[in-house]
Structure formats: structure tokens, C-alpha cells
Amino acid sequence: MTKYTFLLPAYKPNFLAEALESIKEQTYTDFKVIVSDDCSPHDLKSIFEKTCSDDPRFVFRRNEKNMGGKSLVSHWNLLVDMCDTEYFIMASDDDVYEPEFMKEIDSLVCRYPSANLFRAKVREIDEHGIEIRQELPTQEYLDPLHFIERMYKTGFISCEANYVYNTKVLKNNNGYVDFPKAWFSDDATHIMMAMGGCCTTQKVAFCYRTSELSISGNRRGKSECIAKLKASYDFYEWMNKFIYQFDTNNELVRKIKEEYKAKVVRNVKDFIYGCPFHYFIRYLIVCPSSLELNRVRMFFHWFRWRL
């Protein structure tokens with residue numbers, strides 16, 4: 001029985017063929033692929049047919065209505081519900097897998113059967129495929145707390161399509177954690193799924209592409225700022241609840257709390273000044289006091305930012 005499924009929610013055509021080719025060229029071949037067109041205005045089916053219609057492992061479907069515009073996570077969870085293999089990868093329409101990705105992952109899965117989360121070491125590339133940076137080494141196996149700590153350390157590249165999940169365990173946890181624009185949804189889901197630890201390949205096996213076309217590339221539109229600001233607050237609340245299952249007097253737990261707090265603060269500062277005034281005031285008022293932000297200073301900075 002097939003062990004792995006690549007689930008690929010697709011909308012953009014620019015790098016789709018390259019992404020599909022990188023999956024098709026895996027040296028470990030016992031997997032299948034579901035490409036899900038999220039009602040794209042582009043002719044993604046022609047790209048699919050030209051690239052992999054000759055490969056029976058690949059199937060194509062199309063949503064009747066666009067889902068990602070309202071909730072990207074709803075599309076992810078729809079595909080998770082369709083998945084009938086033990087493990088899955090939530091691929092993307094612009095990232096690239098090294099040929100040994102599946103071989104390296106399967107080796108980890110066989111060595112760490114109690115883990116439910118696996119990931120490939122990452123190389124970040126630009127729109128031309130040129131390397132920007134490479135992730136610093138990570139231990140092959142990390143327990144839950146040390147994995148969370150590693151997520152917030154320098155040299156860790158955070159993305160989604162390099163992760164491999166135990167399908168049943170994620171379904172039992174009601175799928176991906178859903179925050180607006182999927183902002184922090186991957187972080188929260190990785191943390192939730194790492195309760196059995198997380199395993200990382202020691203070789204670079206995945207290329208994460210950053211460009212203006214990526215989800216994280218659109219940062220300054222008003223609607224984006226509002227949604228991502230709310231997601232930042234939602235994630236902070238989610239993490240505060242999640243972390244209390246551990247000993248809060250533990251030094252590592254205290255360190256993790258400070259690290260995710262600092263990340264949320266950076267995101268709040270990044271997005272709150274791009275909000276219209278009435279949203280700025282609303283989110284300034286409800287800003288958690290434990291983030292220790294100076295509301296008066298932020299109020300005056302909003303006006304300076306507009307000048």
C-alpha cells in the first residue's frame with residue numbers, strides 16, 4: 001500500500017511545472033500526488049497535463065469555488081480529508097524538492113516510528129532558483145520543547161512544504177490550526193504535531209522559494225495587515241494555552257515563551273501601522289498587556305508612519 005501522498009493546492013502558474021517536475025523526479029517512487037486547482041484564473045490543467053499526465057501517480061482536481069481567498073487552511077484541510085495514506089506532504093506550487101527528498105524522509109520515518117512530524121533541511125532560493133541562504137544544522141531528532149526552541153533560533157528556515165505529517169494524528173487533532181491568511185497556522189500545526197518529537201534530514205532536501213508571488217510576499221496591503229495582525233494575536237493566545245501543558249517553571253519553557261512572544265511583537269509592529277485608523281485603534285486596545293507594548297508611543301508612531 002502506498003505510504004505517502006503529496007497534496008498540492010495550486011493557484012499560481014509561474015513555477016508549477018518546476019514544482020511538479022521535482023516531485024516526479026524523486027528517487028523514492030512509492031507515493032501519489034493530488035494537485036488541487038483552487039479555482040485559479042490560470043490554465044493550470046494544461047501545465048499539469050504537459051508535465052505529468054503520463055504518470056498515473058498524479059491526479060488533478062479543481063475546486064468549484066476559490067477557497068484560499070477566504071481561508072487557505074480550509075483548502076489544506078479539505079485535501080487532508082481526502083488523503084488515505086499513512087503520511088502526507090502539503091506541497092506548494094512554487095517550491096522545489098531535491099531528488100532525494102522522499103528517500104531521506106522515508107529513512108527517518110523508518111528509524112523513528114514513534115514520531116509524527118518529519119522535515120527536510122532547507123535551502124532558500126529566489127525566483128531565479130539562486131540560493132539565498134541555507135539552513136544551519138539541526139539535530140536529527142529533537143524532543144517537543146527542543147524542537148520549539150529550534151524553531152525560534154537563528155538559522156532555522158520556517159516554511160510548510162518541507163514537512164511530512166502522520167495523517168491519522170493530524171486528522172485526530174482536527175487538521176491544521178486555522179488562523180487568518182494561514183499566518184502562523186504552519187507554526188502552530190508543527191508545534192502541535194511535534195509532541196512525539198520532530199526529525200530533520202541532515203542533507204538539504206528542499207528548496208523554499210521566496211518571491212513577490214509567495215503568500216508571505218504580500219505584506220503591506222491594508223486587508224493583509226488586518227488579517228495578519230489578528231492572526232498574530234490568535235497565535236499568541238494559542239501558544240499561551242499550549243505551553244501550559246509543560247512545567248512553566250522549567251528554564252527552557254520560560255525561554256520559549258520569551259522567544260515566541262518576541263516573534264509576535266515583531267509581527268504586531270510590522271502590521272499594525274499598515275491598518276486603517278479604526279482598525280489600528282481596535283487592535284491597539286485589545287493588544288495583550290503581556291506583550292508589553294507601549295500603546296501611547298505606538299499611537300503617535302502611527303501618525304508619524306503616515307507622514
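**Helix contacts and strand pairings**

Colleague: Which residues in α1 meet L44, I47, F48, T51 and C52 in α2?
Modeller: It's a predicted model, so to speak with its cut-offs: local features need pLDDT of at least 70, side-chain atom pairs count only at pLDDT 80 or more, and totals for chains, interfaces and linings use all residues. Residues are numbered from 1 along each chain as its sequence is written, and side-chain values use heavy atoms, with hydrogens and water left out. Helices (H or I, at least four residues) and strands (E, at least two) are DSSP runs numbered from the N terminus. With contact meaning heavy atoms within 4.5 Å, the α1 partners are L16, A17, L20, E21 and K24.

Colleague: And how do the residues of that α1 and α2 contact divide?
Modeller: Ala, Val, Leu, Ile, Met, Phe, Trp, Tyr, Cys and Pro count as nonpolar, Asp, Glu, Lys and Arg as charged, and the others, Gly among them, as polar. That gives seven nonpolar, one polar and two charged.

Colleague: At what angle do the axes of α1 and α2 cross, and with which hand?
Modeller: Axes are lines fitted to C-alpha atoms, for helices over the stretch in contact, with angles from 0 to 180 degrees between N-to-C directions. For α1 (residues 16-24) and α2 the axes come within 10 Å and cross at roughly 35 degrees. As for the hand (left-handed if the near helix is turned anticlockwise from the far one by less than a right angle, right-handed if clockwise), the crossing is right-handed.

Colleague: How are α5 and α9 oriented to each other?
Modeller: The axes of α5 (residues 144-151) and α9 (residues 251-272) come within 10 Å and cross at roughly 30 degrees, and the crossing is left-handed. On the scale of under 35 degrees as roughly parallel, over 145 as roughly antiparallel, 65 to 115 as roughly perpendicular and the rest as oblique, these two helices are therefore roughly parallel.

Colleague: Which hand does the β-α-β crossover have?
Modeller: Strands β2 (residues 31-37) and β3 (residues 58-62) run parallel, joined by five bridges (pairing takes at least two DSSP bridges). The chain goes from β2 through α2 (residues 44-52) to β3. If that path runs clockwise with the strands pointing away from the viewer, the hand is right, and this crossover is right-handed.

Colleague: Which residue in the turn between β6 and β7 has a positive phi?
Modeller: β6 (residues 117-125) and β7 (residues 131-134) run antiparallel with three bridges, and R123 stands opposite Q134. Five residues lie between the strands of this hairpin, and the one with a phi of about 85 degrees is G129.
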